[in-house]
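Have a look at the structure, then try each task before reading its solution.

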Amino acid sequence: MHKTKIILDIDRIKKDFPIFSQKINGHSLVYLDSAATAQKPSLVIEETTRFYTEYNSNIHRGAHKLGELATIAYEEAHEKIAKFLGADIEEIIFTAGTTESLNLVAYSLVKTLKQGDKIVLTEMEHHSNIVPWQQLAKQYGVNIEYIKVKDFQLDIEHAKKIIDSKTKIVSVMHASNVLGTINPIKELAKITHDIGALFVVDAAHSAPNMKINVKDIDCDFLAFSGHKICGPTGIGVLYGKKHLLDKMSPFLYGGHMISEVTLKDTTFADVPSKFESGTSNIAGAIGLGYAIDYINKIGLENIHYYETELAKYAIETLKKIVGVKIYGPDENRTGVISFNISGIHAHDVATILDREGIAIRSGNHCAMPLMNALGINACNRASIYFYNTFDDIDNLVEAIKKAKKIFKVTNETSE
Ligand code: C6P
């Protein structure tokens, strides 16, 4: 019997997700890969389908009824996201996902920097918060420094040292998609603003798992993806402070983002349209709006609490298996648990678990610099969301024991 205050009716919640009604390799699906992408509730699937079946139309263009309905639904989605983040509606830009949001910020900001200026990132970033900055920094003669990771946390003393008068942008993930670590984002925002630089937050892994308020964090920009928060793929969000977005030049040029076009020149629309060029992912935005409704109904505080309890149980149980090494803090974390089993390659572990109907991710998790800092090439990652159960963790543990038997890894094996 697991000792926890049950605050969510998981049996009922699970019924909202059609994917759980099928068998995978003859087993009930144990989905522990939500950090890669979360499952979708019927509400999101049905509302996305309803857009296509009942009012599919382009937005902000046609004067006809369908166009009006689609525009209203799309703008409602903007509004839902704004409320979700504690932002104003003009501060919310729909993108294809976190990757595009971070590219947009990087392209628009780095070209305003001078040779010798500095951007500060961290060793634990996802590639999408490293590669755009790195490639642009090369082009504009800008330097990049990385805050070090120590004991699965950001080394704040190191951050204070490298965020200096040359620093113009600091971009940091709120929560790690590998370690689960929740970074001290408000403290970092303050350190950054004290020297007059801009603070960007990659919230891809925090927005699905904990309550966020952009005003409270006092970030200048914040990005997240729809698919990690039960929404569709191919839709994401960039929040930016209005006065900063107003000053920034567009990222993509074309239809919708203009005010006036002549053969000589173009003036641009106001935000957010200035950054939403072409035909948007209308169905995706509407679906994301409904995903946010669904998450709000369950409550992010409840989700975070329940996930933390499950993660605590998983860590305690996994630690009892000889040869299992966990990469991540015990506390102040989200529900991703990265680990290796001595003597078995991560990909082999994931393959054996799959045979048991258990989905986890193995590899570098789009965080090669972090893998280097940890001294490994790859690891397994079980990522928990609110539809997981204590039984899912027990199944994971049993399957890991089975993998050890298959690979004849004895209990005497040292790490
Ligand atoms: N991480 C994972 O398995 P996109 O792919 O653009 O939706 O999100 C990129 C991204 C950026 N930052 C963080 C912290 C993320 O977790 C992700 C997505 C997935 O960890 C897929 S690579």
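Predicted model: local features only at pLDDT ≥ 70, side-chain atom pairs only at ≥ 80, totals over all residues.

Residues are numbered from 1 along each chain as its sequence is written, and side-chain values use heavy atoms, with hydrogens and water left out.

**Exercise 1.** Find the order of the strands in the open sheet.

Solution. Helices (H or I, at least four residues) and strands (E, at least two) are DSSP runs, numbered from the N terminus. Two strands pair if DSSP finds at least two bridges between them. The 7 strands follow the order E4-E12-E11-E10-E9-E5-E6, with mixed pairing. At the edges lie E4 (92-95) and E6, each of which pairs on one side only.

**Exercise 2.** Work out how strand E5 is joined to strand E6.

Solution. Start with the direction: E5 (residues 118-122) and E6 (residues 143-147) run parallel, joined by 5 bridges. Next, pick a residue: Ile119 stands opposite Ile144 in E6.

**Exercise 3.** Describe the contact of helix H2 with helix H10.

Solution. Contact means heavy atoms within 4.5 Å. From H2, Leu43 and Phe51 are among the residues that meet H10, whose residues in the contact include Ile286 and Tyr290. The contact residues divide into 11 nonpolar (Ala, Val, Leu, Ile, Met, Phe, Trp, Tyr, Cys and Pro), 2 charged (Asp, Glu, Lys and Arg) and 2 polar (the others, Gly among them).
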